[in-house]
Amino acid sequence: MSISFGGIGEMCVTLMAASGVTKGKPVKMSTNGTVAACSDGDRFVGVAVDVSDDGYAIVQLKGYTTMGYTGTAPTVGYNVLAANAAGGVKGANAGNECLVLEVDTTAATVGFII
């Protein structure tokens, strides 16, 4: 048996995608029913798990995800995370309080529950 975090409390929704929304990157609400790509330091609402050619995005709002991080490596446990300039996340004073379950400092990735 091995440890698996996939599928924990996962909730996804389909929304319109503004230009620049990319699969695997954090997104923020921009207008009614529409998400946009995050800028450095933005509080994200979720992660675009898929983006269609016709302008829609499936956005994961809750559950476990893995993303790249910049700056100081988060620690396991609760951390405040915000979007970074590289399309991942970073530790921040303001953002989302997320439960970090694993950190890979070699790959600079963090696995957390949104």
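Y56 touches T14, L15, M16, A17, D50 and V51, where a contact means heavy atoms within 4.5 Å and residues up to four places away in sequence are not counted. Y56 belongs to strand β5; strands (E, at least two residues) and helices (H or I, at least four) are DSSP runs, numbered from the N terminus. The relative accessible area of Y56 is 40%, so this tyrosine is partly exposed; buried means under 20%, exposed over 50%, and partly exposed anything in between, with a 1.4 Å probe and protein chains only. The C-alpha atoms of Y56 and T34 are separated by 8.7 Å, and the two residues are 22 apart along the chain.

The model is predicted, with local features needing pLDDT of at least 70 and side-chain atom pairs counting only at pLDDT 80 or more, while totals for chains, interfaces and linings use all residues. Residues are numbered from 1 along each chain as its sequence is written, and side-chain values use heavy atoms, with hydrogens and water left out.

Strand β5 is also part of a closed barrel of five strands, in the order β1-β3-β2-β4-β5, with mixed pairing. Two strands pair if DSSP finds at least two bridges between them. Strands of a sheet pair through backbone hydrogen bonds, either parallel or antiparallel. Between β4 and β5 (residues 56-62) there are four bridges, and these strands run antiparallel. Within β5, Q60 stands opposite V47.

Aromatic side chains form two pairs in the structure. Rings of Phe, Tyr and Trp (its six-membered ring) pair if their centres lie within 6.5 Å; planes under 30 degrees apart count as stacked, over 60 as edge-to-face and the rest as tilted. The pair of F5 and Y64 is tilted, because the ring centres are 5.3 Å apart and the planes are at 40°. F5 lies in the segment before β1 (11-17) and Y64 in strand β6 (residues 64-70), so this pair ties together parts that are 59 residues apart in sequence. Y64 counts as buried, at 12% relative accessibility. The other pair, F44 with F112, is edge-to-face, because the planes are at 65° and the ring centres 6.3 Å apart. This pair links distant parts of the chain, 68 residues apart: F44 is in the loop between β3 (34-37) and β4 (46-51), and F112 in strand β10 (residues 109-113). Both F44 and F112 are buried.

The side chain of N79, in strand β7 (residues 77-83), makes polar contacts, defined as pairs of N or O atoms within 3.5 Å; within protein, one atom must be able to donate a hydrogen and the other to accept it, and residues adjacent in sequence count only if both atoms are side-chain atoms. This side chain reaches the backbone oxygen of T75 at 2.6 Å and that of G77 at 3.0 Å. N79 counts as buried, with 14% relative accessibility. Leaving aside residues up to four places away in sequence, N79 touches P74, N96, E97, C98 and V100.

One of these neighbours, C98, leads on to the cysteines. A disulfide is a pair of cysteine sulfur atoms within 2.5 Å, and by this rule the count is zero. C12 is in no disulfide, as the nearest cysteine sulfur, that of C98, is 15 Å away. C12 is partly exposed, with a relative accessible area of 38%. For C38, the closest cysteine sulfur is also in C98, at 12 Å, which is too far for a bond. C38 counts as buried at 16% relative accessibility.
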